[in-house]
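Visitor: I have not looked at this one before. Can you put it up and take me through it?

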Amino acid sequence: MDERAFFTESPTTKPATLNCPFCRTQDTYELRWLVRKKKDRLPPGADERDRAKFQKAQSYMLLLDDKASCKNIRCRKTFEVSGVKTVAFL
Ligand SMILES: [Zn+2]
């Protein structure tokens, strides 16, 4: 069974403070995340191995954005998101 069957997926956004590497301006950016919330119960059709995996599974979020556009109007460059964890357990 695919592990995705254990989770309910939903998108969300969370603010993160980022520094543009070009102009060094710090600002807050709304980054997009995919929330994978563990289901309350084991999906139907799961076998013993799935049951063990399901017990160990935890709800988590995956960072979807790997780039941000600088908010400084004199810069506006696209830079890579860094310093943000790409996976966060809930
Ligand atoms: Zn910039």
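Visitor: Is Cys-75 buried or exposed?
Guide: This is a predicted model. In it, Cys-75 has 18% relative accessibility, so it counts as buried. The cut-off for buried is under 20%.

Visitor: And what about Cys-23, how does it count?
Guide: Cys-23 counts as partly exposed, because its relative accessibility is 27%.

Visitor: Which residues coordinate the zinc ion?
Guide: Four cysteines do it through their SG atoms: Cys-20, Cys-23, Cys-70 and Cys-75. The distances are 2.2 to 2.4 Å.

Visitor: What geometry does the site have?
Guide: The site of the zinc ion is tetrahedral, with angles of 103 to 116° among the 4 donor atoms.

Visitor: How are the donor residues spaced in sequence?
Guide: The spacing is C-x2-C-x46-C-x4-C. Cys-23 and Cys-75 are 52 residues apart, and the pair links distant parts of the chain. Cys-23 is in the loop between strand S1 (7–19) and strand S2 (26–38), while Cys-75 is in the loop between strand S4 (67–69) and strand S5 (78–80).

Visitor: What else is in the loop between S1 and S2?
Guide: Arg-24 is found there. Its phi is positive, about 65°, although Arg-24 is not a glycine.

Visitor: Changing topic. What order do the strands of the open sheet have?
Guide: The order is S1-S2-S3-S6, 4 strands with antiparallel pairing. The edge strands are S1 and strand S6 (87–89), each pairing on one side only. From one strand to the next, the twist averages 25°.

Visitor: How many bridges are there between S2 and S3?
Guide: S2 pairs with strand S3 (residues 60–63) over 4 bridges, in the antiparallel sense.

Visitor: And what stands opposite Trp-33?
Guide: Leu-63, in S3.

Visitor: On to the inside. How many residues are in the largest nonpolar core?
Guide: The largest nonpolar core has 14 residues. Those with the most contacts inside it include Leu-18, Tyr-29, Cys-70 and Phe-79. S1, S2 and S3 each supply at least two residues of this core, and the largest share, 4 residues, comes from S2.

Visitor: Phe-79, then. What is it in contact with?
Guide: Leaving aside neighbours within four places in sequence, the contacts of Phe-79 include Leu-18, Tyr-29 and Ala-68. Cys-20 and Cys-70 are also among them, and both of these coordinate the zinc ion.

Visitor: Which residues are in the second core?
Guide: The second core is separate and has 5 residues, including Phe-6, Phe-7, Ala-57 and Tyr-60.

Visitor: Last one. Where is Glu-48?
Guide: Glu-48 is in helix H1 (residues 48–56). Its relative accessibility is 58%, so Glu-48 counts as exposed.

Visitor: How far apart are Glu-48 and Val-84?
Guide: They are 36 residues apart in sequence and 36 Å apart in space, C-alpha to C-alpha.

Note on methods: Residues numbered from 1 in each chain as written. Predicted model: local features only at pLDDT ≥ 70, side-chain atom pairs only at ≥ 80, totals over all residues. Heavy atoms only, no water. Donors = N, O, S within 2.8 Å, 3.2 Å for Na, K, Ca; no water. Tetrahedral: all angles 85-135°; square planar, octahedral: opposite > 155°, others 65-115°. Buried < 20%, exposed > 50% of the residue type's maximum accessible area, 1.4 Å probe, protein only. Pairing = 2+ DSSP bridges. Axes fitted to C-alpha atoms, helices over the stretch in contact; angles between N-to-C directions. Core = buried A, V, L, I, M, F, W, Y, C linked by side-chain atoms within 4.5 Å. Contact = heavy atoms within 4.5 Å.
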